[in-house]
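This report walks through one protein chain, from its overall make-up to single residues. Please keep the sequence and the model in view while reading.

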Amino acid sequence: MLVYRPAHGILEETLRVILSRKGYAMGLFGKILSKLGFDKPKEGAAPEKPAVQMSHADYAADRAERLSRIRATRASKEITLVDVVAKLEKMAVEKPMKLNWKTSIADLLFLLDLDNSYEARKELATELGCPAEKMDDSAQMNTWLHTTVLEKIAENGGNVPMELLD
């Protein structure tokens, strides 16, 4: 008896090609942007290869510079902002349970119908360059990851309120 098994690899490859043509890396951050309706990530805002892990001091300096760029971009109105909060709030209403996406990376990923397992979050943290000392503590990694994801969304034109970024 012959059993037909669909070639899921073909579907994955097709999706990878489509997203790569739009400029998305197939990393989890690219999927986050795609779910939020971004056409193409801003140049250099999401690495295609895992970022080099920084020390906490280097990360703090990098974060201050990133927040400064976000504020400058918003002030200059160079890019069209995507109303991320409205999109996420609309998605949250459609879910049967209450999700706290404003403070929880796991809830944010779940809201976007993405894998929110510890392994997926650790992969995303590696992709975005989480400092090594935070990777060993899941609570610190999750807090860092949530803040960084929101910052990267804002860098790409997401209208994320500054109180969620500070």
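**Terms and basis**

A residue is buried when its relative accessible area is under 20%, exposed when it is over 50%, and partly exposed in between, using a 1.4 Å probe and protein chains only. By that rule, Thr-148 counts as buried, at 1% relative accessibility.

The model is predicted: local features need pLDDT of at least 70, side-chain atom pairs count only at pLDDT 80 or more, and totals for chains, interfaces and linings use all residues. Residues are numbered from 1 along each chain as its sequence is written, and side-chain values use heavy atoms, with hydrogens and water left out.

**Overall make-up**

The chain holds nine helices and zero strands. Helices (H or I, at least four residues) and strands (E, at least two) are DSSP runs, numbered from the N terminus. Of the 166 residues in the chain, 40% are buried.

Contact means heavy atoms within 4.5 Å. Among contacts with a separation of 6 or more, 61% join residues 24 or more positions apart.

**The nonpolar core**

A nonpolar core is a set of buried Ala, Val, Leu, Ile, Met, Phe, Trp, Tyr and Cys residues joined through side-chain atoms within 4.5 Å. The largest one has 39 residues. Ile-32, Leu-124, Val-149 and Ile-153 have the most contacts inside it. At least two core residues come from each of helix 2 (28-35), helix 3 (56-76), helix 4 (84-94), helix 5 (105-111), helix 6 (118-128), helix 8 (138-155) and helix 9 (162-165). Helix 8 gives the most, with seven residues.

What does Ile-32 touch, leaving aside its neighbours within four places in sequence? Its partners are Leu-109, Leu-112, Leu-114, Leu-124, Val-149 and Ile-153.

**Helix 2 and its crossing with helix 6**

Helix 2 buries Leu-28, Phe-29, Gly-30, Ile-32 and Leu-33. These buried residues pack against helix 5, helix 6 and helix 8. After helix 2 comes Gly-37, with a positive phi near 90°.

Helix 2 packs against helix 6 at an angle of about 100°, and their axes are 9 Å apart. Helix 2 is therefore roughly perpendicular to helix 6. Axes are lines fitted to C-alpha atoms, for helices over the stretch in contact, and angles run from 0 to 180 degrees between N-to-C directions. Angles under 35 degrees count as roughly parallel, over 145 as roughly antiparallel, 65 to 115 as roughly perpendicular and the rest as oblique. Leu-28, Phe-29, Gly-30 and Ile-32 of helix 2 meet Ala-120, Leu-124, Glu-127 and Leu-128 of helix 6.

**Helix 4: two faces**

Which residues of helix 4 are buried? They are Val-84, Val-85, Leu-88 and Ala-92. These residues sit on the same side of helix 4 because they cover an arc of only 90° around the axis. The arc is that of the directions from the helix axis to the C-beta atoms. An α-helix has 3.6 residues a turn, so residues three or four places apart point the same way. The buried residues pack against helix 5 and helix 8. Lys-90, Val-93 and Glu-94 are exposed, on the face turned away from the buried side.

Val-84 is buried, with a relative accessible area of 1%. Beyond its neighbours within four places in sequence, Val-84 contacts Leu-36, Phe-38, Ile-153, Gly-158, Asn-159 and Val-160. Val-84 and Leu-150 are 66 residues apart in sequence, with their C-alpha atoms 9.6 Å apart.

Arg-63 lies in helix 3. Arg-63 and Glu-151 are 88 residues apart along the chain, yet their C-alpha atoms are separated by 8.6 Å.

Thr-148 is in helix 8. Not counting residues up to four places away in sequence, Thr-148 touches Tyr-59, Arg-66 and Leu-128.

**Two loop residues**

Asp-113 is in the loop between helix 5 and helix 6. Although not a glycine, Asp-113 has a positive phi of about 60°. Asp-113 is exposed, with a relative accessible area of 54%.

Asp-83 is in the loop between helix 3 and helix 4. Asp-83 counts as partly exposed, at 41% relative accessibility. From Asp-83 to Pro-161 the C-alpha distance is 9.9 Å, across 78 residues of sequence.
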